[in-house]
Amino acid sequence: MYSDFKIISAYYDTLYVNDREYGAEAGRVKDLLTRHGAPPRADLLVLACGTGGHIPYFRDEYTVSGLDLSEDMLDLARKKFPEVGFHLGDMINFELETDFDAVVCLYGSIGFVKTVENLRAAMNRIASHLRPGGLALITPWSTAEDFRDLIVVDAADRPDLKIARMEHVRLKEPNMVEVTFHHLLGNNNDVTYHKQSMEIGLFSREEYAAAMINAGLNVVEVYTGKDVRGGAYIGKRVAGQVRKQ
C-alpha cells in the first residue's frame with residue numbers, strides 16, 4: 001500500500017482543505033471547462049482526489065469520479081461521499097473502463113509523478129480516458145521557472161484538534177523538490193510530533209505543454225489567474241485524433 005499519507009490523512013482536511021481556497025479554485029476550473037466545451041452534466045474524473053476535498057464543488061454540475069494512490073485517503077473520501085465512485089490507482093498507469101468528458105488534476109498533485117518520463121506517461125493515460133472533444137486540466141505544483149525555496153507556516157485550532165504546521169520546501173536537485181513536514185498535533189490532552197519528507201517533481205512550462213502535445217492533446221489555454229493555485233494547462237482531445245496508449 002502507498003503510505004506517504006498514512007499519518008497525514010487523519011488530519012489532512014483540518015490542515016489543508018478550506019472552502020475559501022478550494023471553492024475559488026473549483027469555481028474557476030468549472031468556468032474553464034465550460035469555456036472549452038465541457039457539456040452539462042459532464043463525466044468528470046478527479047485525479048489525485050485525496051480525501052475528496054474538491055468533490056463538493058463539482059458533484060452538483062458533473063457526474064464525478066475520483067482516483068488516488070493512497071488507500072488511506074480514499075477510505076476517508078468514501079466515508080464522506082458514498083455516492084461517488086472512487087478508484088485506487090496511479091496516475092502514470094491507471095486503466096479504468098470508463099471514458100470521461102474531462103479529467104482534472106488539481107492542487108499541484110501532478111508533481112507526485114516526480115519525473116518527466118512519468119509526466120508523459122500520466123498525460124498519455126489521461127488522454128486515453130478522454131472522449132473526443134474531452135478536456136484535460138492540470139495545475140502544476142510549481143514550475144522550474146517560478147520555484148523558490150520557502151518555509152510554510154500555518155496552524156489549525158479546533159476544539160478537538162490543534163495543529164502547528166511548518167514545512168521546509170527546498171530544491172533538492174535540478175528537477176526535484178523536497179518538502180519536509182514538521183507537524184505538532186495536540187489532542188486528547190497530549191502533544192505529538194510528526195516529521196516526514198516527500199519528493200515532488202519540478203517541471204518546466206515547456207515540459208508541461210509538451211507532455212500534453214505528445215499525448216495527442218491540443219493545448220487550448222494556459223491559465224495564469226491567481227484563483228487557481230499554480231495556474232492551469234488545458235488540453236483538448238480533438239475528434240478523430242488517435243489516442244496514444
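1. A quick word on terms before the sheet: two strands count as paired if DSSP finds at least two bridges between them, and strands (E, at least two residues) and helices (H or I, at least four) are DSSP runs numbered from the N terminus. This is a predicted model, in which local features need pLDDT of at least 70 and side-chain atom pairs count only at pLDDT 80 or more, while totals for chains, interfaces and linings use all residues. Residues are numbered from 1 along each chain as its sequence is written, and side-chain values use heavy atoms, with hydrogens and water left out.

2. Have a look at the open sheet of 4 strands, ordered β6-β7-β8-β9 with antiparallel pairing. β6 and β9 (190-201) are the edge strands, each with a single partner, so one side of each has no neighbour in the sheet.

3. At one end of that order, β6 (residues 150-158) and β7 (residues 161-173) pair in the antiparallel sense over 9 bridges. They form a hairpin with 2 residues between them.

4. Tyr22 and Tyr107 make a tilted pair, 5.2 Å centre to centre with 50° between the planes. Tyr22 lies in helix α2 (residues 19-35) and Tyr107 in the loop between β4 (100-105) and α5 (116-128), so the pair ties together parts 85 residues apart in sequence. Tyr22 and Tyr107 are both buried (under 20% relative accessible area; exposed is over 50%, partly exposed in between, with a 1.4 Å probe and protein chains only).

5. Salt bridges come to 21, each a side-chain nitrogen of Lys or Arg within 4 Å of a carboxyl oxygen of Asp or Glu. One of them joins Arg35 and Glu221, whose closest N and O atoms are 2.8 Å apart. Arg35 is in helix α2 and Glu221 in strand β10 (residues 218-223), so this pair ties together parts 186 residues apart in sequence. Arg35 is partly exposed at 48% relative accessibility, whereas Glu221 is buried at 17%.

6. One more salt bridge for your list is Arg125 with Glu95 (2.4 Å, N to O). Here Arg125 is buried at 9% relative accessibility, while Glu95 is exposed at 58%.

Note on methods: Rings of Phe, Tyr and Trp (its six-membered ring) pair if their centres lie within 6.5 Å; planes under 30 degrees apart count as stacked, over 60 as edge-to-face and the rest as tilted.
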